[in-house]
Amino acid sequence: MSEGQALKMEPAECAVCRATAVSAAVEVARGLDFEYDTSADTFFMVECQTCRTIYLNPRPSAEELARIYPQNYYSYNYSNRVNALAIKVKDFLDKNKSKGWLKFCPAANPRFLDIGCGNGRNLEILEKLGLSRQNLYGLEINAETVEKLRDRGFNAFLGAAEDAALQLEKEEPFDLIVILQVLEHVKDPDLVMKSLAQLLKPQAVLVVETPNVNSLDCTLFKKRYWGGYHFPRHWYLFNKESLTRLGANAGLQVISVKYLPAQTFWIYSLHHIVKEKISDKLAGALFDPFRNLFLLSVFTAFDILRAKLGFSTSNIQVVFQKPPK
Ligand SMILES: [Zn+2]
């Protein structure tokens, strides 16, 4: 169970509209670090009354990052933890997704940048789809991962999303930038969007994928257990409107909105309820979203079907375009 001292926290503000009055935001959820038990703190999600952005307030201060992202954090050991068949399915879905991004890119051999590129999965997929390695760039916060990517000939840069402009401003601008499941983790998503906009060529596109709070599972589990809160690691949560506003702040226009399956949020929501109300062990055994193939299939199919019928899921993909010069 949870151990150690309380985390050092700091106050947050709405990064989308910068509303700061005390009455500007109201509590919508409170919960624990149900996934990793990195502390025993209770965390609060508040909703901005001006622009409906939901954000963690207060949030852990920078010196606590190593604690709230422990060594066993899933994105550090993805392939060790995830069922092999699930990886095959994910590869197939990701390849299709990447083909979808390229449709927004008229350039023949586009210059591509992945913010938070991890071990370079998307770079590899795009190379297989015909892009040349010299046009494939990644920004990644883990130094060891960056070294490995460089050894393989990719253009890998070390830094957090906030460092994008600083690290890459000397490079030729890009035709396509993607930031997938990262914007919700950063300290200032407004600043990140503005710096990414700077790195785009005129008429180039930025693909953002992030949790969506206007969804059935968020509504059902809103007060405490929704997997999308990912306490205390998700700092900003959006919907179509707040993302549109965030893009407009950076001078970007929305050209496409799509809802993708969010199976892990469904499974985590159930996991958190069972963990708190029944048993930690039972929750871990039955509701591990990386191992339970049955639930993964059911919720993936459920969300794909719902998205096809026009409903929104908890995973939104917004494509922004930079205006012509
Ligand atoms: Zn706001």
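Rings of Phe, Tyr and Trp (its six-membered ring) count as a pair if their centres lie within 6.5 Å, and a pair is called stacked when the planes are under 30 degrees apart, edge-to-face when they are over 60, and tilted for the rest. In these terms Phe43, Trp226, Tyr229, Phe231 and Phe265 form one aromatic cluster. This is a predicted model, in which local features need pLDDT of at least 70 and side-chain atom pairs count only at pLDDT 80 or more, while totals for chains, interfaces and linings use all residues. Residues are numbered from 1 along each chain as its sequence is written, and side-chain values use heavy atoms, with hydrogens and water left out.

By the ring rule there are 15 aromatic pairs. Among them is the pair of Trp101 and Phe112, which is stacked because the ring centres are 6.0 Å apart and the planes are at 15°. Since Trp101 lies in helix α3 and Phe112 in strand β6, this pair ties together parts that are 11 residues apart in sequence; helices (H or I, at least four residues) and strands (E, at least two) are DSSP runs, numbered from the N terminus. Both Trp101 and Phe112 are buried, that is, under 20% relative accessible area, where exposed is over 50% and partly exposed lies in between (1.4 Å probe, protein chains only).

The rings of Tyr137 and Phe174 have their centres 5.0 Å apart and their planes at 80°, so this pair is edge-to-face. Tyr137 belongs to strand β7 and Phe174 to strand β9, so the pair ties together parts that are 37 residues apart in sequence, and both Tyr137 and Phe174 are buried. Arg111 lies over the face of Phe174, at 5.0 Å from the ring centre, where a charge sits over a ring if NZ of Lys or CZ of Arg is within 6 Å of the ring centre and within 35 degrees of the ring normal.

In helix α4 (residues 121-128), the buried residues are Asn122, Leu123, Ile125 and Leu126. They cover an arc of only 165° around the axis, which puts them on the same side of α4; the arc is that of the directions from the helix axis to the C-beta atoms. Their cover includes α3, β6, β7 and β9, with contact meaning heavy atoms within 4.5 Å.
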